Structure formats: structure tokens, C-alpha cells
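Dear colleague,

I am handing over a structure that you have not worked with before, and my notes on it follow below.

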Amino acid sequence: MRKTTLTARGALCALGLLTINPSSAQSPEPDEKSPAPPGPAAAGETHQITEKPEASITTNHGIPVADDQNSLKAGIRGPVLLEDFILREKLTHFDHERIPERIVHARGTGAGGYFQVYKSQADITKAAFLQNPDEKTEVFVRFSTVAGQAGSSDTPRDVRGFAVKFYTKEGNYDLVGNNIPVFFIQDAMKFPDLVHAVKPEPDRGFPQAASAHDTFWDFASLTPEINHMLMWVMSDRAIPRSYRMMEGFGVHTFRLVDAKGVSRFVKFHWRPKLGTQSLLWDEAVKIYGSDPDFHRRDLWDAIARGDFPEYELGLQVFDQETADKLDFDILDATKLIPEEVVPLRMVGKLVLNRNVDNFFSETEQVAFLPSNVVPGIEFSNDPLLQGRLFSYQDTQLSRLGGPNFHQLPVNSAKGCPMGFGQNFQRDGMHQMAIPKGRVSYEPNSLDQGTPRENPARGFSSVPEVMNGVKERKRSETFADHYSQARQFFASMTEIEQAHIISAFSFELSKVETPAIRLRMLAHLANIDAKLHDGVAAALGMRDKELPIQPKVAPRDLPPSPPLSILAKAPKTLEGRKIGVLVTDGFSSAALAKLREGAKAAKAALEVIAPKVGGATDDKGNAVPADRTLTTAPSHLFDTVVILASQSGIEDLTSQAPAVDWVRDAFGHLKVIGHSTEAKPLIDKAGLQPDGGVMDLSPENAVGSYLEAAKAGRVWAREPAVRRPG
Ligand code: HDE
């Protein structure tokens, strides 16, 4: 039965506030056990009535509503009366239910949880939430795609947002990052152009959630600083398997300041406990259609079943001397500091253990502001970051309708006693607080109880000498646009390199203007010959481009293995999903062994049957299905099993969805387990079984299958099913 969220009217009136409190839910709802009583309006209709005043539906002004089904009319078949304030209020509120979606990162999903530091970080920062390992700081996290509108799908090729709001004792700290450690551009001045280029083209309104179109690549090909980021976006990082299996990065260089006022530079990293894993492009495309909510469902389901996603916070802390030795500028957001140069210090864990109660109130209304920092954390002069410090506050004014958006529950500083903030700012749209007294200014002598400045604990910026010529220019130290792009490609495994070549080829094949494709090929030639030649061959446009002369000649930097996902992929099924396709008469013993193994490996297992009612096993037991063949294609699972019986296999082999199910699983490089009886389906799909296709009938075969599945995809199969390009 659905949870009701009606608030007791008495409490509502007494507080004068609309506190939505599920635990006070009293309104009866119909379910199979308690059918709703017939209402007064029309015999035979079912709706819900109550005689308890505290359970009444009311208007927004607290007036109880007698009939929520019918409008007030002049004559039963006559026109509706303007007098009907109940109808007018209901429609007016509905008409204004939507707020503007985010200009970027419109599609996302959120969850609550906590952050806990492993041990005091007092040697590098005075930030209160990084001191006490016994203390948990409440957080709200929102993951997102960037380009698509709020109703788009979860799995396009795109950057993912990874925004964390820490409700600390010293106010809210927002670490508003992405799953990629560098960015497209170096200066905030170019952000509107970048976003206009990637969003649907303005005349036609498409494509949705896709960079594979002319305006994006036109802009990209004319913006050399974008090249490093393009390598990441064309890599598997841009198609994560799950928000639970994705790294996060603060991108910019920030500063940490300790209690003595010593400041050091820092880069922020999030590392998922489940390891980093990506989809294959063909999977991502198919998931786009079969489950557009793939990532938000995955996060919701994991939290709901108690598998709380966890991430470690890692810091790269370095001083000015180290910064001076680097061959790039730490203020340039298109560059990263390899872990070999400045290693990560793992300082604490983030645990997501709460699904939201209401998507709109929390996930939609949350407002992240990179300008929200607490004492002990400060900004660098990165010009991209500096622009962000303005933009986020500004965008909330139109998105959330005024200057009091910080009072929305999800945005309020709930970690500290001040909640809504404590100062002399007043009034404005949607003011929820009722400040008392005569004094709304400072300094004042009329009310000694009003708040005062706090030089000891208050936020103060670390002193920094500033002198320079006022000029609108890009620093020469930002000019090397190719070396780290080349380093990224060189750090990938062969498989990952092939995927990057395929992604460029796919995207550029969708570009209609040949000159744009040629300009991009010229950039790729500056990055890596293998990359260039692979893409040029796939486009069929070899040797036609004019060279682009880099301002700074690209250098060969040493490969950095942590940049590769596959090089550090964990061998585990934890948090992954096994899909088991069954037919009537399937082996109950095999399913039991699979369930046991899945449990031990902390994997989820779903039973898929041709019909939603389930199937009957070889012992005559009815086994319910979690999903059906058509609602659960194999691309929704990490590994699959076909437990068909002799009598059931004939039906499966005659159905295209079943043949596609196994063919796709093979094409997506999954480990496939099957009963001996299921072999005809593999033959029908025309597959050449390899070591990743395993008969589960022999003794111990289920154990071997689970071990093989822990290794992830059967990468050795890829050259046989797909070539780069
Ligand atoms: Fe954002 N960005 N951004 N961005 N960004 C927004 O803020 C902006 C940048 C990021 O889940 C907007 O509240 C500018 C880098 C995330 O609610 C907007 C510039 C990084 C989210 C905005 C950048 C990000 C946003 C849209 C260049 C990674 C979603 C709605 C100067 C470090 C937060 C909103 C959420 C959202 C502006 C560049 C991450 C328009 C001007 C770099 C994760 O204010």
C-alpha cells in the first residue's frame, strides 16, 4: 500500500506551517484488503471519505473539503462557477507545479547519507567536519548527466555530475564535482558557448542528450583546450555502469587552510568502494530504450535493499613548491595531477543510506553552490572556478524563485544551530522565517542579543598578495592543449583505446559537415597517431585534413595507470546483477546454488521467465518471476544464466526476444552460464562459444561460473565480435 503523506490538519493549523510528515499519515487508502467505501457524489464510484477532522483533505488555507471529485456547477450539467475556490486553488497550484529545470545537469537523482573522516586532518585543515572520526556529517548527494533535459535517459555518452552537500557544524560545504577530473574549457567566459553547442540545436530542438551533432563538434574543433576533456568523454568513463561504480572529482585546485593559517593546495577525489565500471556503448544505447531510468533505479534499489553505496574521499595535497615544479598550471582546469606525482591521501568515507522521501522537494530543489565553503577550505584563482562562484547562486534565483532558496529544507544549514542562517538579511519572496525584534542592521546597540561577527571562528580568507595588470587575457601557462590528452590515451589498455577510437568515429560519423570532421582529425593527429589513423580509417577520410599547428608542441608524458578503468578493475560481483532466464521444468538445484553463490558474492539475482506469473521448476514448485523476457533484456544484467529444461527450450528458440537475449549477452562480452538443455538457444543465436560460455550441469560448474563472472566481461571475446571504428 502506498505511503500517505497527509498531515494532521490540527498540527498544520497550530504550526501555521506545512510540515509533511509521513508518520502522521492517517488517511485510509484503498487496497485489496480494505476497499474504499462508496462516496456521496455518485453511487458505484469508489473514493475515500473520513469523518475525522484531522484526516480531512483541506485547501491550502486549511478549509476542509467535502467533495474532491466534482466541481461546483450551476445545474448538474451546467457551467462551472467562478465561485468554486476549491477547484480554482487545486488547478492554480497544479498549473504552477513545475520550476525551470537546471540549465545543465537537468537530469539527475539524489540520495542522503553521511560522511565520516577516518582520523583528524588537523595537520592540513581546520575544517570542523574533517576532525573527529567519531562524528558523522549528514550529506545530500546528487548525480546527474549534463546535456540532456530532465526527462532524458540516464545512459547517454556524457559527463556525470557528482555533487555533495555536507551539512557541517560550521555551515554547508558543497563539493560540486564531476566524474571526470578535467573540464572542457579554461575560462568561465566560454561556458555558455560550450553549453549552447552541446545542447539540442536551437532551430530544430534536437538531438536530445547527445554530443554527436554538428554544433558540438564545430565548437570542439575550434577550441583546442577541449582536447584533453574529449579524450575522457570519448572513453568509457562517459558511460558508467552505475552511479555506485563511478569516481568523482572536484576538478579545480582548491586550498586547505590549517588552524595556524598555513594554506596548501588540494584536489578532491571520490573513489567508489565497488570499483569503477562502465557500460559498453551498444549496451548504453539499448538501455536508453529499455530502461531510461537505469541509473536512478539502480541507486534507489541498492539503497532500498540495504546495499549502501560507499565512496572514499581522497585528497591530493601539495604546496607551492610542488606546484611550481609541475609542467602545467594548477589553475588550468583542463589539466590533472597524476597520482604518481602527488599521491592520494584517503581521508574518509561517504555512505548513501537514505532514499529521498520526495523527489521534487529534495532532489529537484537542492541547490549546490561551489561558493559554499567552510573555514579551512578555500578557493584557488582558477578562472573557471571563479566564474562558478558567481553562476550557481545566480541560477538559483530564477530556478528556485528568489533569494530565500537557502531556507528550503534540503538547502538549509541543518548541521549547525543557525539553520536558516543568522544575520540581518530580511524579507524577499518566500520568506519562511519570522525574525523578531526592531533590529535588522549591524552595528546596533538596541538589541544585545542579535548576532555579532566572530573573528576567531568566522570564515576569513587566507591573505594572498595580489598585484597584476588588469587585462582580459589567457595565461601562456595554459597553452599546452595536447600533452595530457596524449598521456591519457597512452595510459589506456588496448581495449580502452579501441573504445575511444570507436567513440570518436561514431560521434564524427554523425557530424554532417565534412570540414568539422577534418578539423577534428587534425587535432587527433596532434594527440596520437594510432588514434588519428584509427578514426580516419573508420570515417574513410584518411589524409584529407590540413594540419593544426599546436601553440605548444605536445610532449610524451609517462603513462599514468590509475587513469585506466580496466587496469584497476576489481574482480568482484558485489553490487552487480545476475539475470537467470528460466523455463518451466528448470533445475531447482541449479537455481538454489546460484542464489547461494550470489548471496555470498553480495550480488543481486533476478529470475526472468517468459511470463510474469513465473515458471514451475522440476519439483513442481511455482517460482515467481522478477521480470519477463521482454521487460528484462540481457543488457540490464552484468552476467546471465539460461536455465532451460528440455521441454522449455523449444519455445525459447522460437522467440526472437530469447535469441536476442543470449546474442546480446554474448556481444556485450558477458559470462554466460547455461543448462545443457539450453544449448540449442546458443546455437540458434549463431554464437561460437568461448571460455565465457559455460555449461552449468557438471558438478561444481556453478562455482566456476561465478568465479568467471567475477572477472567481469570476457574482453578476449571483443575482437571476435566488434572492431574499433
Ligand atoms: Fe556547473 N553549473 N558550471 N560545473 N555543475 C550547474 O547550477 C557552471 C562546472 C556541476 O546536481 C548549474 O544549480 C558554470 C564544472 C554539477 O544540482 C549552473 C561553469 C563542474 C552541477 C552551472 C560550470 C561543474 C552543475 C546549473 C563554468 C565540475 C549539478 C544548475 C564556469 C567541477 C549540480 C545549477 C546539481 C550545475 C554553471 C562548470 C559541475 C548553470 C558557469 C567545472 C555537478 O549554475
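How many nonpolar, polar and charged residues does the lining of the second largest pocket have, by class? The lining has 17 nonpolar, 21 polar and 11 charged residues, where Ala, Val, Leu, Ile, Met, Phe, Trp, Tyr, Cys and Pro count as nonpolar, Asp, Glu, Lys and Arg as charged, and the others, Gly among them, as polar.

Please keep in mind that this is a predicted model, in which local features need pLDDT of at least 70 and side-chain atom pairs count only at pLDDT 80 or more, while totals for chains, interfaces and linings use all residues. Residues are numbered from 1 along each chain as its sequence is written, and side-chain values use heavy atoms, with hydrogens and water left out.

Turning to the ligand, its iron atom has a single donor from the protein, the OH of Tyr-392 at 1.8 Å (donors are N, O and S atoms within 2.8 Å of the metal, or 3.2 Å for Na, K and Ca; water is not among the atoms, so sites may look incomplete). Tyr-392 is placed in helix H10, residues 383–399 (helices are DSSP runs of H or I with at least four residues, numbered from the N terminus), and H10 gives the most to the shell around the ligand, with six residues.

The shell divides into 10 nonpolar, nine polar and three charged residues. Among the side chains there, an N or O atom of His-105 is 3.4 Å from a nitrogen atom of the ligand, and an N or O atom of Ser-391 is 3.4 Å from an oxygen atom of the ligand.

Best regards

Conventions:
Helix = DSSP H or I, 4+ residues; strand = E, 2+ residues; numbered from the N terminus. Polar contact = N/O pair within 3.5 Å; in protein donor to acceptor, adjacent residues only side chain to side chain.
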